[in-house]
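Student: I would like to learn how to read a model of several chains, and I would be glad to be taken through it one feature at a time.

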Amino acid sequence: MCVIACPRKIIVLDKSAMNGKGYHPARLADPSGCTGCGSCALMCPDVAITVIA
Amino acid sequence: MPARFERPKALVDVPMHYCPGCTHGIIHRLVAETLDELGCEGRTVGIASVGCSVFSYKYFGCDMIQAPHGRAPAVATGVKRSFPGDVVFTYQGDGDLAAIGTAETVHAATRGENITVIFINNAIYGMTGGQMAPTTLPGQITQTSPYGRDVREAGYPIRVCEMLSTLDGVALAQRVSADSVKEVRNAKKAIRKAFEYQIAGRGFTLVEVVSACPTNWGMSPRDSLQWLRDNMIPYYPLGVYKDKGAEE
Amino acid sequence: MTASEKVLMKGNEALAEAAILAGCRHFFGYPITPQTEVAAYMSKRLPKVGGCYLQAESEVASVNMVLGAGAAGVRVMTSTSSPGVSLMAEGISYIAGCDVPCLIINVQRAGPGLGGIQPAQGDYWQATRGCGHGDFRLIVLAPSTVQEMVDLVSVAFDLGDRYRVPVMILSDGLLGQMMEPVVLPEPQGGLPPKPWSACGHGGARERNVVNSLYIEPPELEEIIARRFDRYAGIEASEQRCESYLTEDADVVLAAYGASARVCRSAVDAARGKGIRAGMVRPITLWPFPVSAFGQCKAAKAFLTVEMSTGQMVEDVRLAVNCGRPVEFFGRTGGIVPSPAEVLARIEDVAGRYA
């Protein structure tokens, strides 16, 4: 859901990795493009994202 | 460097059991943020109901009581009448609140019980595998309405906010959604207002969150959010149905 | 009213007053004949002592309010009659599964179904066989006078708090409506603390979760086993009964509540006719006073008298290991047996066994 929410579209599902639950985790593909808007964190149901300003 | 956004303290740091794309996690977080902001976790008692959120007692950092299916508002009443200074909330799904628990919901509301009910409406019974709910839309396909809900056989969905708004004991009845950043922000404001009204002793507060169930709707998380916008919000319009604070 | 004065009180009202004196300040209930006086009395008295009386929308809601208040750690009670107990069965199972103490009053009426409003004892199985689904017990107390009703209320709250179990007082329409002089107890001060309760952790302790859901079978089995260890302790220490003229009795009656009053008269009448009759009057129906029956060494036969088709009679048979005849006499439909009827049965049993 962070992938959909990010206005910069810089979050992707990391196909090369797999987490403990068997899913591809989300990854910030372009850290320099992040504005810290927090949209990803707002939409993450697992509260997995911390946004550092 | 301070975090601009981090896990609220009132949300226990354990992995949740919800399906991918389920909006329960978001709403749990909004409730927990509210408890942090109002500084009231220590005097809060949450009532877990029966549904996908049956394990919600694992996730909220306040004292928790597990209620039988549908009975959370009655259990909450017992707690609130024993400790009126406590903040008491229930967290219920559509079957819990509007099927088996309809009487408890309506009567807690009409008594103006100073509790906050968080109502997750995803138009289906998630935990038991996708059966029809009182809020399932006409024509919607579920495990127990395999040809689509036929209103001649199964009747019409219940619009909870509208129904409860006729009761004088209700201080706040607001319907929000969790399908986008904008709506999540709105939902947070509504939840925060509901808890503030409880603390001010205004009466019964209920926030209905129109939510997705990708697993039982048979869609991806992305598609389910769109389906929610296209189908559920027209039937369950977002908005404030009762607000005693605004009337004053 | 001061303690140690005798006052004439109706059973239902005496029970309510006793609960207030025992420190109960929360009552959640729904009207049903023949217990409505309990609720009405509470609705008048509780607000005057800073308590909460709430008429719920049904017995289902009432028992769940009791669950909430009990889980939050206060002394709480509800009162109902037979059909209402059926509605409460789910809640009682949850209360027991959460190890929450509370007091439930059942003023029995004739059943099944809507039945009648006259007294009966048809809920014995319901009460003593757990009153709901799953493996659990609740302590069941059976008063037979209004004074005993008053005395058993504080016993009920104390046992409930000590063992963390729901407690039921099994009354009936006769006891609830009758008026007798009673001595009320002193108000109870200093209620025991409940560190396990869910009332707000105040940042001073770990959060408490009052819950009966244990999805992992080994964990649930362990919880049940520990609970049954507590029940074993209750069975060992809390059996209560009255043995009346049983030391030399050939025919021993077994009866509780209103039936026991009738049987006492019948036993006296039988003695007057030279029959060595006696009575074991269980006061705890669970734990059943098994040892009292074992002590009736002289008894050739037992006669259980109930206002039902025979429910406690099975426990009497078990208590004597089915080693001696246990006969039954009962009336149903809301009819209270007369001492003359019971005497006739005593004579019959004595004639065949003594």
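Predicted model: local features only at pLDDT ≥ 70, side-chain atom pairs only at ≥ 80, totals over all residues.

Student: Which of the two pairs of chains in contact share the most contacts?

Tutor: The size of an interface is often given as the accessible area lost when the parts come together. Here contacts are counted instead, two residues being in contact if their C-beta atoms, placed from the backbone, lie within 7 Å. Of the two pairs of chains in contact, chains B and C share the most contacts, whereas chain A and chain C do not touch, their nearest C-alpha atoms being 20 Å apart.

Student: Which elements give two or more residues to the side of chain C that touches chain B?

Tutor: Helices (H or I, at least four residues) and strands (E, at least two) are DSSP runs, numbered from the N terminus. In this interface 33 residues of chain C are in contact with 28 residues of chain B. The elements of chain C that give two or more residues are β2 (26–29), β3 (52–55), α3 (59–71), α4 (82–97) and β9 (209–210), and α3(C) gives the most, with eight residues. By class, this side of chain C has 18 nonpolar, twelve polar and three charged residues, where Ala, Val, Leu, Ile, Met, Phe, Trp, Tyr, Cys and Pro count as nonpolar, Asp, Glu, Lys and Arg as charged, and the others, Gly among them, as polar.

Student: What is the order of the open sheet of eight strands?

Tutor: Strands of a sheet pair through backbone hydrogen bonds, either parallel or antiparallel. Two strands are taken to pair if DSSP finds at least two bridges between them. The order is β8(B)-β6(B)-β7(B)-β5(B)-β4(B)-β2(B)-β3(B)-β9(C), with mixed pairing, and the edge strands, each pairing on one side only, are β8 (239–243) of chain B and β9 of chain C. Two bridges join strand β3 (residues 63–66) of chain B to β9(C), and these strands run parallel; the bridge partner of M64(B) is V209(C), and that of I65(B) is V210(C).

Student: How many residues of chain A are in contact with chain B?

Tutor: There, 17 residues of chain A are in contact with 22 residues of chain B. On chain A, α1 (2–5), α2 (39–43) and β3 (51–52) each supply at least two residues of that side, with α2(A) giving the most, four residues. Two bridges join β3(A) to strand β1 (residues 3–5) of chain B, and these strands run antiparallel, with I52(A) opposite A3(B).

Student: Why is H107(B) called partly exposed?

Tutor: A residue is buried if 20 or more other C-beta atoms lie within 10 Å of its own, exposed if 12 or fewer, and partly exposed in between, with C-beta atoms placed from the backbone. H107(B) is partly exposed because 19 other C-beta atoms lie within 10 Å. H107(B) is found in helix α4 (residues 102–110) of chain B, and, not counting residues up to four places away in sequence, H107(B) touches E57(C) and A61(C).

Student: What should the 18 residues of helix α6 of chain C span?

Tutor: The expected span of a helix is 1.5 Å times one less than its number of residues. For α6(C) (residues 146–163) this gives 26 Å, and the end C-alpha atoms are 26 Å apart, which agrees. Buried residues of α6(C) include L152(C), V153(C) and F157(C), and just after the helix R164(C) takes a positive phi of about 55 degrees.

Student: Where are the bounds of domain 1 and domain 2 of chain C?

Tutor: Domain bounds come from an automatic or database domain assignment, which for chain C gives domain 1 (6–237) and domain 2 (241–353). Their C-alpha centres lie 28 Å apart, and 24 residues of domain 1 are in contact with 22 residues of domain 2.

Definitions and conventions:
Residues numbered from 1 in each chain as written. Chains lettered and ligands numbered in written order.
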